[in-house]
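Please open the model in your viewer and keep the selection panel at hand.

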Amino acid sequence: MRVTRTVKNILANYESDNPGTKANLARILCTGKLAGTGKMIILPVDQGFEHGPARSFAPNAPAYDPHYHYQLAIDAGLNAYASTLGMLEAGADTFAGQIPTILKINSSNSWATTKDQSVNASVDDAIRLGCSAVGFTVYPGSEHALDLFEEFQMIAEEAKAKGLAVVLWSYPRGGDLSKDGETAMDVGAYAAHIAAELGAHIIKVKLPSAHLEQPEAKKAFEDAGIDLSDQAARVREVMRSSFNGRRVVVFSGGAKKGANSVYDDARAIRDGGGNGSIIGRNTFQRPREEAIAMLNEIIDIYKGKA
């Protein structure tokens, strides 16, 4: 693993972390076809738990097999593979050392009646499985948000002490937020900032729309003349809200959509200074060769070749 100057500069932004945590963060940044560039693509597969197996895997039946996702991430040359306890346990030995893994420690499900998540795994599970990082979701705006923040603090403290990196899914929902508000520019930037404040090394948020949800924030955006004119400008504002770009931020792909929309998102992330994509259903719900071709195109976009 060659640690480039770009990666060293990113690691320097994490001033309180021990060498073990920085080494694991470097492993993620220095794996795959984007190794050393400061850009990354992560394959997340927690949708079976969140939405159910048929909704997640029936569009591409081989994806029911946990080994399929490990192999897809490896063959596509991605930086890391993130999944739940059972999914990682099902392939941890076969694929040991072949790609950095991220253990998603908490999850919700489609039957839940509150905006909350259960903790289903531990930091020690991540170490046992050879993971480079743990992942966690919080829902800013939810009635359970403060409890989720406290749960994350305990997980993150332990993970960092044991030399793991920490990835935080920060998804605003619940409370007084409208549906449009969940992806509003002011809300998305705030969610990214909360994740940085909570101590995440890698922040995962959704791409924001131009909508401004909160009256006080809308006034602040308008008074400051913050540019919301296109997706790249909005990504730039999310990065600025993440300690002025001192934290790694990746953007989720969302539900399956047309390939051109996926590529346009990647170009906006690149042009706005984002660190990359964490893209699941838009790849594993497609046939394998089509998914690899799509991921190769996104990699070329982040390399400035497309």
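Predicted model: local features only at pLDDT ≥ 70, side-chain atom pairs only at ≥ 80, totals over all residues.

Residues are numbered from 1 along each chain as its sequence is written, and side-chain values use heavy atoms, with hydrogens and water left out.

**Pockets**

Begin by selecting His 51, Tyr 171, Arg 173, Lys 206 and Arg 281, which lie nearest the centre of the largest pocket among its 35 lining residues. A pocket here is an open set of points, on a 1 Å grid over the protein atoms alone, where a 1.4 Å probe fits and protein lies on both sides within 12 Å along at least five of seven lines; lining residues have an atom within 4 Å of a point. The space in this largest pocket is about 800 Å³, a volume being the space filled by probe spheres set on the points, which are joined across faces, edges and corners. Its lining divides into nine nonpolar, 14 polar and 12 charged residues, with Ala, Val, Leu, Ile, Met, Phe, Trp, Tyr, Cys and Pro counted as nonpolar, Asp, Glu, Lys and Arg as charged, and the others, Gly among them, as polar. Helix 3 (residues 47–51) gives the most to that lining, three residues; helices (H or I, at least four residues) and strands (E, at least two) are DSSP runs numbered from the N terminus.

**Nonpolar core**

Next select Ile 41, Tyr 81, Phe 251 and Ile 298, the residues with the most contacts inside the largest nonpolar core, which has 95 residues. Such a core is a set of buried (under 20% relative accessible area, 1.4 Å probe, protein chains only) Ala, Val, Leu, Ile, Met, Phe, Trp, Tyr and Cys residues joined through side-chain atoms within 4.5 Å. Helix 14 (residues 288–302) gives the most to this core, with eight residues. Ile 298 touches Ile 41, Val 262, Tyr 263, Ala 266 and Ile 279, leaving aside residues up to four places away in sequence, where contact means heavy atoms within 4.5 Å.

**Strands**

Finally, show strand 2 (residues 80–83), from which Ala 80 and Ala 82 point one way and Tyr 81 and Ser 83 the other, all of them buried. Strand 1 (residues 40–45) pairs with strand 2 in the parallel sense over four bridges, pairing requiring at least two DSSP bridges, and Pro 44 stands opposite Ala 82. Strand 3 (residues 101–104) also runs parallel to strand 2, joined by three bridges, with Thr 101 opposite Tyr 81.

Notes: Buried < 20%, exposed > 50% of the residue type's maximum accessible area, 1.4 Å probe, protein only.
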